[in-house]
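Please examine the sequence and the model that follow.

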Amino acid sequence: MSLIYCPECGHEVSNTAAACPQCGRPIHATPVVERKVVVTQSPAQRETFPNWIFIPLGLLALLVIVGGFYLFTRPDDTSNMNVRVAANGRPIEVSRTNVPATAPSSVQTQPAEVHTTTVPGTGTTGVSAPPSDKGVVSINASINAPSGPPHAAKSVRFYLLDKDLEAILSEARIDPIEGNTLTGSLGLAMTYPDRFASFRQDAMKAISAHTKYSVTTNDRGVANLANIDPNQYYLFSVTRVGNGFALWNSPVSVVPGQNLLNLSPQDVTEVPAA
């Protein structure tokens, strides 16, 4: 038996030992042979594909990826874009075309049938307003003067009374002027207001208590009363004319609607000088 040195720790061991008793390394292990494979390129290959060309190709591929990501993430879906990239000397075209969200249907919907009816105009006859429940009174008065033609009773106050003049003065217990009737006394008091002021004042006070409507004529002797309740009235007025007076005291009937009181010329009663 001969001694050999351990390749691992240098300790002397028997050449028949399976492993070094010091470090445990196998003494007769089959050596591992490392093989190196060297790939070489022919001069023709090195001239066709040089190593530096992979750098622009990588950059070009990166641009294509970035461009595609930009196209598909762009918010404006209505635009079209063409990206042309040259790789290996050949142009590569990447196109994007607008696609509507909802493709138009090829089936056309027929419009619903419309039923049209022509309606003629509605004819109506003349419409009349209902008759008013009130009356309108128009007075046309004139005075028959002692001389000359009749003239309009200008600025004369007319009254519609609910009673006759004689009845009103009698109920008021007014004494007539000596030698005259109550109606004549009123005319005399209108002719001489200073002499018979007391009688005139008492008589007009009693008349006012029974007055329903009153109006004064214009320069043409015309006066109008509106909104008169239809009823039986007494038309009264007295006015001085020269040395006398004209007095109206007549019953009238007022009906709904228009009422024209076209009075006959009233005679003047002359009063002799006292």
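Where is the place of leucine 59? Leucine 59 is found in helix H2, residues 54–73; helices (H or I, at least four residues) and strands (E, at least two) are DSSP runs, numbered from the N terminus. The model is predicted: local features need pLDDT of at least 70, side-chain atom pairs count only at pLDDT 80 or more, and totals for chains, interfaces and linings use all residues. Residues are numbered from 1 along each chain as its sequence is written, and side-chain values use heavy atoms, with hydrogens and water left out.

With a relative accessible area of 52%, leucine 59 is exposed (buried means under 20%, exposed over 50%, partly exposed in between, with a 1.4 Å probe and protein chains only).

The structure also holds 3 salt bridges, each a side-chain nitrogen of Lys or Arg within 4 Å of a carboxyl oxygen of Asp or Glu. In one of them, glutamate 8 meets arginine 25 at 3.7 Å, N to O. This pair links distant parts of the chain, 17 residues apart. Glutamate 8 is exposed at 54% relative accessibility, whereas arginine 25 is partly exposed at 30%.

Another salt bridge joins aspartate 229 and lysine 134 at 2.2 Å, N to O. Aspartate 229 lies in the loop between strands S10 (222–228) and S11 (231–241), and lysine 134 in the loop between strands S4 (90–96) and S5 (135–140), so the pair ties together parts that are 95 residues apart in sequence.

Lysine 163 and glutamate 171 also meet in a salt bridge, at 2.9 Å, N to O. Lysine 163 is partly exposed at 30% relative accessibility, and glutamate 171 is partly exposed at 47%.
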